[in-house]
Structures are given as structure tokens and as C-alpha cells.
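Please read them with the structure open.

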Amino acid sequence: MATIFLIISLFCFGKPSDVIFVDPLNLKGVTLADATAIISDDAKITLTSDEGSKDKILDLYFPAGITLKTVLDTIATTNNLKLSAIGSESYMFTSKSTALPTSLSGTVNLEKYGTGID
């Protein structure tokens with residue numbers, strides 16, 4: 001694994017759109033699991049990833065002055081992940097393939113007629 005040299009400072013604490021990284025954030029060659037640990041520690045939030053996404057290797061660099069919201073959204077978008085808020089200061093990356101379905105499909109049977117519709 002690549003050696004990680006990160007010096008991250010935060011300008012303020014609060015909502016993800018309010019948290020600003022003062023120093024550049026270099027996530028090149030870093031696993032998502034390692035990146036979430038680093039970001040969690042510095043931003044004072046809980047950030048996790050599911051089993052299907054934790055081993056993804058990131059290849060991202062963020063300049064100084066970037067918001068936490070931009071960092072999280074970029075990681076999710078560039079790695080085909082879903083970012084879910086769990087409470088006010090907890091977030092989780094999940095693989096879109098393991099995310100819960102948003103629709104149901106099946107057959108509705110009409111008891112009286114013994115047939116159904118798809």
C-alpha cells in the first residue's frame with residue numbers, strides 16, 4: 001500500500017458544507033477504509049463504508065479550501081457509491097449494488113378471478 005502523508009486541518013466544525021480543509025487532501029493510492037478513518041478523525045464526524053466498498057482504491061487530490069461536502073460527494077460520484085446520512089454527524093458509503101432497492105416488482109393476484117397483473 002502506498003505510504004500516506006497527509007496533513008489535514010479544518011477551519012471550522014459543523015455541517016459538511018461548513019467544514020473546510022485548510023491544507024490540501026491527497027487521497028492517491030489510499031483505500032476508502034483508510035480515507036474514511038482519516039476524514040472522520042479530522043472532521044470529527046463518523047464516516048464509514050460497507051464491506052463492498054471499503055477496499056476501493058482512491059485516486060483523488062483536493063486543494064486547500066475545499067469543503068467536506070465536496071470531498072464526500074466527489075468520493076461517492078467518482079467511485080459509483082451512495083452516500084447516506086445517518087443522523088446529523090454520521091455518514092456511510094455503500095456500494096450501489098448493495099443499496100436497498102427503491103422499487104418493488106411482482107404479481108398482484110385478484111383472488112376472485114384467479115388471475116393477476118404484472
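This is a predicted model: local features need pLDDT of at least 70, side-chain atom pairs count only at pLDDT 80 or more; totals for chains, interfaces and linings use all residues.

1. Leu32, Ile39 and Ala43 of α1 meet Leu68, Val71 and Ile75 of α2. By class, the contact of α1 with α2 counts six nonpolar residues, with no polar and no charged ones.

2. On geometry, two packed helices are described by the angle between their axes and by the distance between those axes. Here α1 (residues 32-43) and α2 (residues 68-78) pack at about 170 degrees, and their axes are 12 Å apart. Because angles over 145 degrees count as roughly antiparallel, α1 is roughly antiparallel to α2. The crossing of α1 past α2 is left-handed.

3. The sheet is open and has three strands, in the order β2-β5-β4, with mixed pairing. β2 (46-49) and β4 (81-85) are the edge strands, each with a single partner, so one side of each has no neighbour in the sheet. From one strand to the next the twist averages 20 degrees.

4. Strands of a sheet pair through backbone hydrogen bonds, in either the parallel or the antiparallel sense. For β2 and β5 (residues 90-95) the sense is parallel, over four bridges. In this pairing, Ser49 stands opposite Phe93 in β5.

5. β4 and β5 run antiparallel and are joined by five bridges. Leu81 stands opposite Ser95 in β5. The hairpin of β4 and β5 has four residues between the strands, and Gly87 in this hairpin takes a positive phi near 85 degrees.

6. How do the helices lie on the sheet? α1 lies across β2, β4 and β5, and runs at about 175 degrees to β2. α2 also lies across β2, β4 and β5, running at about 145 degrees to β4.

7. Ser53 deserves a separate look. Where does Ser53 lie? Its place is the loop between β2 and β3 (57-62). Is Ser53 buried or exposed? Ser53 has a relative accessible area of 0%, and because buried means under 20%, Ser53 counts as buried.

8. Which residues does Ser53 touch, not counting residues up to four places away in sequence? They are Leu32, Leu81, Phe93, Thr94 and Ser95.

Technical notes
Residues are numbered from 1 along each chain as its sequence is written. Side-chain values use heavy atoms; hydrogens and water are left out. Axes are lines fitted to C-alpha atoms, for helices over the stretch in contact, and angles run from 0 to 180 degrees between N-to-C directions. Helices (H or I, at least four residues) and strands (E, at least two) are DSSP runs, numbered from the N terminus. Angles under 35 degrees count as roughly parallel, over 145 as roughly antiparallel, 65 to 115 as roughly perpendicular and the rest as oblique. A crossing is left-handed if the near helix is turned anticlockwise from the far one by less than a right angle, and right-handed if clockwise. Contact means heavy atoms within 4.5 Å. Ala, Val, Leu, Ile, Met, Phe, Trp, Tyr, Cys and Pro count as nonpolar, Asp, Glu, Lys and Arg as charged, and the others, Gly among them, as polar. Two strands pair if DSSP finds at least two bridges between them. Buried means under 20% relative accessible area, exposed over 50%, partly exposed in between (1.4 Å probe, protein chains only).
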